[in-house]
Amino acid sequence: MSHKVALDFVEIGARLKRCALPEVDRVVGIGSGGVVPAALLAYKLERPLTILSINYRDRDNQPRYETPKLLTPIRLPTEDKKLLLVDDVSVSGKTLAVAKEQLMGYEITTLVMKGQGDIVLFPEIAACVQWPWQEKK
């Protein structure tokens, strides 16, 4: 069994407070892993939140499909120009790429808790993470 780093909301909240966030019109969270971080950011930025349902991995973190699948297309208000696209983890960038295709035409800044994005909240963590909103395994 691999060792997981456990993070709590206090640590995540402290990191969010120190994070320089861009001016955006809307926060878009990738469901399901990005829902809670996106909700925290939407609250902090006082911006509306939209969830973009994309699925790639199963509950055991194994790829379920060859590429991530968009489950439900979304339509955003035309006045929204700048988006903060949020996910928990981005290793390969495949899920973010599918999301960006869906959001073509918008100015997008990506934020992930760990992995690869424009803003990475925990860049020092390489191990798997036990997020406080996940079931403990």
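Which residues of the largest nonpolar core touch the most other members? In this predicted model, they are Leu 7, Ile 12, Leu 84, Val 86, Leu 111, Leu 121 and Phe 122, out of 19 residues in that core. The elements that give two or more residues to this core are α1, α2 (35-45), β5 and β6 (107-115). Helix α2 provides the largest share, three residues.

Ile 12 illustrates the packing. Leaving aside residues up to four places away in sequence, Ile 12 touches Leu 7, Leu 40, Met 113, Leu 121, Phe 122, Trp 131, Pro 132 and Trp 133. Another core lies apart from the largest one. This other core has 14 residues, including Leu 83, Leu 85, Ala 99 and Leu 103.

Strand β2 was examined next. The strand spans residues 26-31, and six of its six residues are buried. Strand β2 is therefore largely enclosed by the rest of the structure. Arg 26, Val 28 and Ile 30 point one way from β2. Val 27, Gly 29 and Gly 31 point the other way.

Two strands pair with β2. Strand β5 (residues 82-90) pairs with β2 in the parallel sense, over four bridges. Within β5, Leu 83 is the bridge partner of Arg 26. Strand β3 (residues 49-55) also pairs with β2 in the parallel sense, here over five bridges. Within β3, Thr 50 is the bridge partner of Val 28.

Charged pairs were then considered. Side chains of opposite charge can pair when their charged atoms come close. The structure holds two salt bridges. One of them joins the side chains of Arg 15 and Glu 124, at 3.0 Å from N to O. Arg 15 lies in helix α1 (residues 9-18), whereas Glu 124 lies in the loop between β7 (119-120) and β8 (128-130), so this pair ties together parts that are 109 residues apart in sequence.

Asp 80 and Arg 26 form a salt bridge too, with their closest N and O atoms 2.4 Å apart. Asp 80 sits in the loop between β4 (69-72) and β5, and Arg 26 sits in strand β2, so the pair ties together parts that are 54 residues apart in sequence. Both Asp 80 and Arg 26 are buried.

Asn 55 belongs to strand β3. Its relative accessible area is 16%, so Asn 55 is buried. Not counting residues up to four places away in sequence, Asn 55 touches Arg 64, Tyr 65, Pro 68, Lys 69 and Leu 71. Pro 68 is found in the loop between β3 and β4. At 6% relative accessibility, Pro 68 counts as buried because the cut-off is under 20%. Pro 68 and Lys 82 are 14 residues apart in sequence, and their C-alpha atoms are 24 Å apart in space.

Cysteines were also checked. A search of the whole structure finds zero disulfides. Cys 19 counts as buried, at 16% relative accessibility. Cys 128 is partly exposed, with a relative accessible area of 37%.

Technical notes
Residues are numbered from 1 along each chain as its sequence is written. This is a predicted model: local features need pLDDT of at least 70, side-chain atom pairs count only at pLDDT 80 or more; totals for chains, interfaces and linings use all residues. Side-chain values use heavy atoms; hydrogens and water are left out. Buried means under 20% relative accessible area, exposed over 50%, partly exposed in between (1.4 Å probe, protein chains only). Two strands pair if DSSP finds at least two bridges between them. A salt bridge is a side-chain nitrogen of Lys or Arg within 4 Å of a carboxyl oxygen of Asp or Glu. A nonpolar core is a set of buried Ala, Val, Leu, Ile, Met, Phe, Trp, Tyr and Cys residues joined through side-chain atoms within 4.5 Å. Contact means heavy atoms within 4.5 Å. A disulfide is a pair of cysteine sulfur atoms within 2.5 Å.
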